[in-house]
Amino acid sequence: EAGVTQFPSHSVIEKGQTVTLRCDPISGHDNLYWYRRVMGKEIKFLLHFVKESKQDESGMPNNRFLAERTGGTYSTLKVQPAELEDSGVYFCASSPGTSGPQETQYFGPGTRLLVL
Amino acid sequence: GENVEQHPSTLSVQEGDSAVIKCTYSDSASNYFPWYKQELGKGPQLIIDIRSNVGEKKDQRIAVTLNKTAKHFSLHITETQPEDSAVYFCAASYNQGGKLIFGQGTELSVKP
C-alpha cells in the first residue's frame, strides 16, 4: 500500500512568488491534515479536511494560505504571495476516518520550502 | 491554549544505555498521546501511542508512561542502538477533530 506522498520534495522561491504544494493521502483515507515545522521548532497544525470539507482551519496563519481538497482525494496548499517567514517543512498526514479522532495519522515525507 | 512541552531538546547516549524523553501537556481534555520518530529526510513515523485510560504501554524496547494527574507522559527506549538516532516528537490530541499538538522535538544521538 502506497503511503502519503507529497510534491515537490523541495521548493526554493523568491519573496512575493506563489508556490503550490500537493499531498496525496493514502487511498481511501477521509481525513487529511496539513502541518508545518518552522526552523527547528515544533510541528504545528494548519488545517484538517474530512473528505472535501474543511473541518478545522484554526491553524492557518493568514489569508495568504489557501488549501483545497476538491473531490476529497488529493489536497493542495497554495501560498500567495510567499513571505520569508513561510520557510519551513510542510507535512501532510492522513487517517482513515473510520474509528474516531484517535486514529493513527500517517505522515508524508514533507515539502521543504525556502523563501528567499 | 493547547501546549505541549518536551525535554530535553537534545540527548546523547551510549549504545546499550536507556533514553528517556519527557513531555507535559496543558489541556486536561487531551486523551491521546502518540510518539513519532523522524529520520533525516523523512516524515514523522508513529512508534507508539497511549490513550488516557492506560497508564503504561510497552512494545519491545520502547515504552510510554502516562500520568494524567500531573499531565505528563514519557518515552523510554531501552538498549539503545545507533539506528535509534533520530528526532522524536511527542504529541497530544483530544476528541475534537484529532489535530495533534506537538512538542518541540528531541534529537537523540546514540553513539556506538
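Strands here are DSSP runs of E at least two residues long, numbered from the N terminus. On that basis, Asp84(B) sits in the loop that links β8 and β9 of chain B. Please keep in mind as you read that this is a predicted model.

**The largest pocket**
- The space in the largest pocket comes to about 460 Å³.
- Its lining is made of 22 residues, and those closest to the centre are Arg37(A), Gly40(A), Gln38(B), Leu40(B) and Val87(B).
- Two or more lining residues come from each of these elements: β9 (88-95) of chain A, and β9 (86-92) and β11 (106-111) of chain B.
- Sorted by class, this lining holds nine polar, eight nonpolar and five charged residues.

**The second largest pocket**
- Here the space is about 380 Å³.
- There are 17 lining residues, with Arg36(A), Glu42(A), Ile43(A), Lys44(A) and Phe45(A) the closest to the centre.
- At least two residues of the lining are supplied by each of β5 (43-50) of chain A and β10 (101-102) of chain B.
- The top contributor is β5(A), which gives four residues.
- By class, the lining of the second largest pocket splits into eight nonpolar, six charged and three polar residues.

- You will find Arg36(A) in strand β4 (residues 31-37) of chain A.
- Is Arg36(A) buried or exposed? Its relative accessible area is 14%, so Arg36(A) counts as buried, the cut-off being under 20%.
- The side chains of Arg36(A) and Tyr90(A) are joined by a polar contact of 3.1 Å.
- Beyond four places in sequence, Arg36(A) touches residues including Glu42(A), Ile43(A), Lys44(A), Glu85(A), Asp86(A) and Tyr90(A).

**The enclosed cavity**
- How many cavities of 30 Å³ or more does a search of the whole structure find? The search finds one.
- The largest cavity has a volume of about 50 Å³.
- Its lining is formed by Glu2(B), Asn3(B), Val4(B), Tyr25(B), Ser26(B), Asp27(B), Ser30(B), Ala92(B), Tyr94(B) and Ile101(B).
- Five of these lining residues are nonpolar, three are polar and two are charged.

- In soluble globular proteins, nonpolar side chains tend to be buried together.
- The largest nonpolar core has 24 residues, and the members that touch the most others are Trp35(B), Phe73(B), Leu75(B) and Leu108(B).
- Among the elements of chain B that give this core two or more residues are β3 (19-25), β4 (32-38), β5 (45-51) and β8 (72-77).
- Apart from neighbours within four places in sequence, Leu75(B) is in contact with Ala19(B), Val20(B), Ile21(B), Trp35(B), Ile47(B), Ile48(B), Ile62(B), Ala63(B) and Tyr88(B).
- There is also a second, separate core of 21 residues, with Leu21(A), Ile26(A), Trp34(A) and Leu46(A) among them.

**Asp84(B), back in the loop**
- Although it lies in a loop, Asp84(B) has a relative accessible area of 6% and is therefore buried, by the cut-off of under 20%.
- Asp84(B) and Lys37(B) are 47 residues apart along the chain, and their C-alpha atoms are separated by 8.8 Å.
- Lys37(B) is one of the contacts of Asp84(B) outside four places in sequence; the others are Arg61(B), Ile77(B), Glu79(B), Leu108(B) and Val110(B).
- Leu108(B) in that list is also one of the core members that touch the most other members.

Key. Residues are numbered from 1 along each chain as its sequence is written. Chains are lettered from A and ligands numbered from 1 in the order in which they are written. This is a predicted model: local features need pLDDT of at least 70, side-chain atom pairs count only at pLDDT 80 or more; totals for chains, interfaces and linings use all residues. Side-chain values use heavy atoms; hydrogens and water are left out. On a 1 Å grid over the protein atoms alone, a cavity is a set of points where a 1.4 Å probe fits but cannot get out, and a pocket is an open set with protein on both sides within 12 Å along at least five of seven lines; lining residues have an atom within 4 Å of a point. Grid points are joined across faces, edges and corners, and a volume is the space filled by probe spheres set on the points. Ala, Val, Leu, Ile, Met, Phe, Trp, Tyr, Cys and Pro count as nonpolar, Asp, Glu, Lys and Arg as charged, and the others, Gly among them, as polar. Buried means under 20% relative accessible area, exposed over 50%, partly exposed in between (1.4 Å probe, protein chains only). A polar contact is a pair of N or O atoms within 3.5 Å; within protein, one must be able to donate a hydrogen and the other to accept it, and residues adjacent in sequence count only if both atoms are side-chain atoms. Contact means heavy atoms within 4.5 Å. A nonpolar core is a set of buried Ala, Val, Leu, Ile, Met, Phe, Trp, Tyr and Cys residues joined through side-chain atoms within 4.5 Å.
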